[in-house]
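User: Hello! I am new to protein structures and would like to learn how to read one. Could you guide me through some features?

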Amino acid sequence: MASPLVAVRNLRTLFPVGAHSVFRAPATFVHAVDDVTFDIDEGEALALVGESGCGKSTLALTLLGLERPTTGSIDFAGQEMTALKGSELKAARRNMQMIFQDPYESLNPLMRVGEIVAEPLIVHKLANARSDREARVRAALEAAGLKPPEVYLERYPYQLSGGQRQRVAIAAALVLEPRLLLADEPVSMLDVSIRAEIINLLAELKQTRKISILFITHDLGTVTAVADRIAVMYLGRIVELGRTADVLTQPRHPYTKALLSVTPAPNPRLRKERIILKGETPDPTRLPGGCRFAPRCPVAQPLCLASDPPLTALETGHTAACHFG
Amino acid sequence: MRNRRLINKVAWALFTICFVIVLNFFLFRILPGDPARAGIRDPRLTAEAQQAIRVRFGLDKPVINCFASINPPKPADCFVNPLDTQFFIYVGNLFRGEFGISYHSNQPVAQVLAERTWNTLLLIGVAQFLAIILGVALGVIAAWKLGTPVDYSALIFSLVAWSLPTFWLGIILLFWGSTNLGLPIGGMVTPGMNYASIWAQVIDVGRHMFLPTLTYTIVFLGEYMLIMRSSLIDVLSEDYVLTAKAKGLNSYQILKAHALRNAMLPMVTIIALNLGFTVAGAVQIETVFSWPGLGGAIYEAVGQRDYPMLQGAFLLLAVSVIVANLVADLLYTYLDPRVQLE
Amino acid sequence: MESQLFSLYILPEHLWGEKTAQAAIDFTNDTMVGSGPFKLAEYRQNQFVRLDTNQDYYGSVPKVDGAILQTYGNQDALVQALKTGEVDMITEMPNTAVAALRNDANIQLVVGAPLDPGVTDIIFNLVPPDQCPPDGKCTGHPALKDLTVRKALAHATDKQQLIDIVLLGLGTPGLTLIPDGLGVYYNNTLQDYAFDIATANKLLDDAGYKDVNGDGVRETPDGKAPLSFRLNWAGDMSSGPRIAELLSKTWGEIGIKVEMQGLDPDTLTSVCCPAFDYDIIIWGWGSDPDPAFLLSVMTTDEIPTGTSESGYSNPEYDELFAQQAVETDKEKRKELIWEMQAIALRDLPYIIPYYGQNVQAFRKDRFQGWITDSSKIALEDPSSLSLIEPVK
Ligand SMILES: Nc1ncnc2c1ncn2[C@@H]1O[C@H](COP(=O)(O)OP(=O)(O)OP(=O)(O)O)[C@@H](O)[C@H]1O
Ligand SMILES: [Mg+2]
């Protein structure tokens with residue numbers, strides 16, 4: 001079996017918080033990403049699901065090297081990312097591109113679409129000939145579904161709709177022909193009517209270009225069309241990981257079950273009773289001992305408060321971190 | 001689209017200027033007291049002499065049809081030739097570039113104002129230029145080094161500079177500079193100096209300009225730095241900056257390509273407005289350093305109740321504010337593509 | 001008489017004889033002709049005047065090559081310019097700077113009456129409503145028409161305190177509108193009303209001004225009107241508020257109240273004269289070298305013109321004014337003028353708090369020979385400038 005494109009091992013990203021200034025050492029830390037391990041194969045789409053604040057974006061930024069991990073390793077195409085600096089890191093980033101949540105904010109309002117999409121080429125000194133560069137920009141725009149590209153080259157972001165903007169962001173990512181696309185909630189700010197288009201575009205890119213995708217979402221309803229596997233994240237941890245169909249139909253972790261129960265399922269027959277989670281997410285700076293989900297878990301036992309369950313394999317490729325899964 | 005907006009803006013500015021011209025005229029007619037006596041406060045003036053002065057300054061004509069004077073309101077013939085009233089004579093003179101005769105110096109107001117305006121523009125131009133360059137640079141450094149001692153020092157310096165009373169700072173620098181650096185105390189040139197070359201003259205003016213420019217720069221630098229810093233902090237937290245990082249741009253490239261241009265947008269408005277106001281706003285600095293500028297002229301004219309001078313200066317000030325606004329608007333259209341649609 | 005000719009100019013008839021008065025008004029006088037010890041070399045308005053010595057001067061030619069009179073925008077800069085030696089002499093300074101300059105070994109202070117003496121005055125509205133001029137309102141408080149009240153106010157005015165606080169000591173107590181700076185015309189034999197609260201109180205008590213309702217303010221003898229006066233001053237006088245404040249304190253001690261308000265000079269003119277719509281005003285006059293104008297201010301003829309601020313009218317005084325105007329004997333004219341001052345002090349249309357002094361200073365290490373012993377000081381006067389020579 002070929003080695004995965006991305007192999008993440010025991011990754012941890014902590015943020016200092018509290019009375020933090022140059023004069024005083026930080027008092028506490030937010031455990032935004034806390035001991036995460038997973039792989040993404042070549043041409044595979046992994047959906048990362050979890051509620052707001054669980055650390056999804058931080059995980060993506062850490063993969064990109066925009067946040068420094070505290071501990072752990074990231075193996076990308078055989079290269080240890082956490083050890084890279086300067087020009088090596090820049091070169092590695094070429095193969096990893098990110099699409100952000102809000103296309104209204106992720107595009108510089110003062111730049112034309114053509115400039116936005118061409119910028120990565122310039123920065124990485126690729127396609128230095130003008131004609132070559134223009135051809136690649138057009139190709140990227142077309143690949144992102146902006147056809148014909150000439151119409152868009154001279155436009156400013158404010159002249160485009162939300163969906164078109166997100167396509168521009170995708171084109172600017174595609175122009176470098178990356179091997180991994182990190183899509184951080186790429187449709188949550190868009191109109192419901194055009195969400196499917198963008199998701200289908202990502203699915204198509206995966207199919208035709210064999211791009212690996214980390215698809216971040218807090219909405220399980222959007223994952224089926226694109227994701228091969230699903231990782232469910234809770235408070236900086238992955239609590240369940242498995243093939244899309246397995247996780248959606250046979251969720252093993254009570255948190256996944258709760259998530260699924262509030263998601264409008266595409267198939268009404270799958271509809272179950274709603275599980276309403278009681279209590280609040282614990283403060284990520286003061287995590288409880290034992291299972292992190294225990295304080296809100298509808299099926300928690302005394303054991304759960306005492307010991308933290310590890311991710312355990314249940315059946316092929318399906319793991320969950322629950323004493324009773 | 002662009003052209004329509006341009007025409008609109010220019011038309012609006014012209015309309016405002018017309019309004020100011022009218023307001024400016026009547027404002028000075030609403031003030032109490034006889035203008036003929038306001039300028040010449042010698043009570044021994046005979047009635048004939050006063051009348052002669054009124055004739056000389058055109059004050060014997062009705063203010064406008066139906067009104068001999070506005071305060072106190074005195075009626076007059078409504079069926080006179082409007083062109084023979086003070087108002088239309090004033091408007092007509094304005095179009096010929098005549099602002100009247102100064103009560104005090106007996107010179108044409110336009111001539112006095114023009115000379116003073118150049119002196120002021122020299123001082124303010126250099127000082128604003130320095131304040132903008134240094135303020136923006138300092139603001140960028142502080143925002144870039146957010147939360148570090150560099151940022152804190154720059155922040156404290158700017159807050160202090162911004163809140164220093166101008167007059168006080170000027171006097172302190174004047175004492176310091178004249179005692180320790182041997183710089184001149186006042187004026188624009190050394191009187192009676194024979195310059196060996198044009199360079200000697202430039203150096204002499206430069207020595208006189210140094211302290212007022214320094215004062216002015218410090219006063220404005222703080223404001224620019226604070227605005228630039230907060231504007232850049234805002235921009236740096238935008239997603240497109242993060243996107244740029246993800247694309248592999250380094251810090252310098254991000255500043256250059258993305259952050260600076262966006263962060264400069266709010267600065268443009270503030271700089272333009274400041275320039276508009278400071279044409280006459282350097283009163284304090286000009287007073288401290290005896291700089292023969294427009295601010296000083298206005299200050300003197302108030303003291304001397306030199307209404308023609310005040311009227312001219314007021315108009316100049318209003319027009320410069322309006323023009324500065326217009327320039328800011330147009331510059332904005334040029335810098336920010338989003339503005340066109342509004 | 002000769003000083004009244006001061007402002008009459010001699011014109012060449014062959015040039016001006018045919019011209020109208022309008023031509024004189026329009027004449028800008030760009031190429032000046034003169035006969036003094038210095039020639040104008042360069043003039044920049046509000047910046048400086050540069051004078052070159054007139055080598056062909058008929059008198060004694062100045063020893064210096066020329067002089068530059070430079071204008072500074074504020075007095076602090078002026079003092080600093082003298083300290084650093086940018087200038088050799090300054091013609092004025094803030095009174096607050098005097099102490100510091102006095103201690104400077106290189107600087108000599110000169111104190112005296114200014115060349116163009118000014119006078120600060122406290123004006124009483126004396127016009128009775130039945131003698132109101134055509135444009136007048138004549139709303140003055142009736143009690144102020146009573147000389148006894150004005151005398152009491154004079155006794156209750158602490159001139160030395162005013163000098164010490166308002167002028168930081170740089171002044172002399174005032175008597176009438178004719179200041180000490182006018183030299184021989186100033187009557188220095190007059191006896192002023194001494195500052196004495198008890199005397200003032202007694203004057204008012206005896207005249208029947210009693211505080212009948214016990215509110216601390218006296219009423220007129222008929223008991224109708226309290227002795228509460230409007231006290232106004234010209235808003236452009238920096239000393240105005242301080243004088244008013246000090247007056248209200250000592251006058252308060254004799255049961256007289258004032259409502260203080262500074263007024264814009266134009267507004268003050270419109271309430272002053274010939275409207276006579278005020279009670280008491282603090283204001284001032286600048287003077288010619290000749291006293292004739294300041295004397296005219298108190299004549300009956302000037303009431304309708306607005307030059308008379310108090311509305312004082314006394315045929316005896318008017319007669320003396322007419323006489324001095326035509327008296328050609330200098331000594332006799334002086335006698336007439338002295339007598340007029342005695343009348344003015346007796347009748348008190350004004351209280352004169354003080355005559356301000358001017359302080360000038362020069363650097364001892366630069367030029368010597370300045371005229372410092374004259375009763376009026378004017379180091380910038382050509383008489384002084386033509387005598388000085390560099391210190392060796
Ligand atoms: N730069 C930072 N400094 C301190 N804390 C941070 C920082 N970035 C994120 N956090 C904290 O880390 C935790 C995870 O944040 P993150 O943005 O990764 O969540 P998320 O799952 O992406 O949420 P969302 O769905 O709202 O985007 C949150 O508690 C957040 O407040
Ligand atoms: Mg996020």
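User: Is Asp34(A) buried or exposed?

Analyst: Let's start with the ground rules. This is a predicted model, in which local features need pLDDT of at least 70 and side-chain atom pairs count only at pLDDT 80 or more, while totals for chains, interfaces and linings use all residues. Residues are numbered from 1 along each chain as its sequence is written, chains are lettered from A and ligands numbered from 1 in the order in which they are written, and side-chain values use heavy atoms, with hydrogens and water left out. Now the terms: buried means under 20% relative accessible area, exposed over 50%, and partly exposed in between (1.4 Å probe, protein chains only). Asp34(A) has a relative accessible area of 3%, so this residue is buried.

User: Which residue forms a salt bridge with Asp34(A)?

Analyst: Here is the general idea: side chains of opposite charge can pair when their charged atoms come close. A salt bridge is counted when a side-chain nitrogen of Lys or Arg is within 4 Å of a carboxyl oxygen of Asp or Glu. The partner of Asp34(A) is Arg12(A), and their closest N and O atoms are 2.7 Å apart. Since Asp34(A) belongs to strand E2 of chain A and Arg12(A) to strand E1 of chain A, the pair ties together parts that are 22 residues apart in sequence. Helices (H or I, at least four residues) and strands (E, at least two) are DSSP runs, numbered from the N terminus. Arg12(A) is partly exposed, at 29% relative accessibility.

User: How many salt bridges does a search of the whole structure find?

Analyst: The search finds 34 salt bridges over all chains. One of them links Arg237(A) with Asp308(A), with the closest N and O atoms 2.7 Å apart. Arg237(A) lies in strand E10 (residues 237–243) of chain A and Asp308(A) in the loop between helix H10 (302–306) and strand E11 (312–315), so this pair ties together parts that are 71 residues apart in sequence. Arg237(A) counts as buried at 17% relative accessibility, whereas Asp308(A) counts as partly exposed at 35%. In chain C, salt bridges that share partners join Glu42(C), Arg44(C), Arg50(C) and Asp52(C) into one network.

User: At what angle do helix H5 and helix H7 of chain C pack?

Analyst: Two packed helices are described by the angle between their axes and the distance between the axes. The axes are lines fitted to C-alpha atoms, for helices over the stretch in contact, and angles run from 0 to 180 degrees between N-to-C directions. Helix H5 (residues 147–155) and helix H7 (residues 197–206) of chain C pack at about 165°, with axes 8 Å apart. That makes H5(C) roughly antiparallel to H7(C); angles under 35 degrees count as roughly parallel, over 145 as roughly antiparallel, 65 to 115 as roughly perpendicular and the rest as oblique.

User: Where are cis peptide bonds found, for instance the one at Pro148(A)?

Analyst: That bond joins Lys147(A) and Pro148(A), with omega about -10°. Pro148(A) sits in the loop between helix H4 (130–143) and helix H5 (150–153) of chain A. Another cis peptide bond joins Cys273(C) and Pro274(C), where omega is about 5°. Pro274(C) is in the loop between helix H9 (265–272) and strand E10 (280–286) of chain C.
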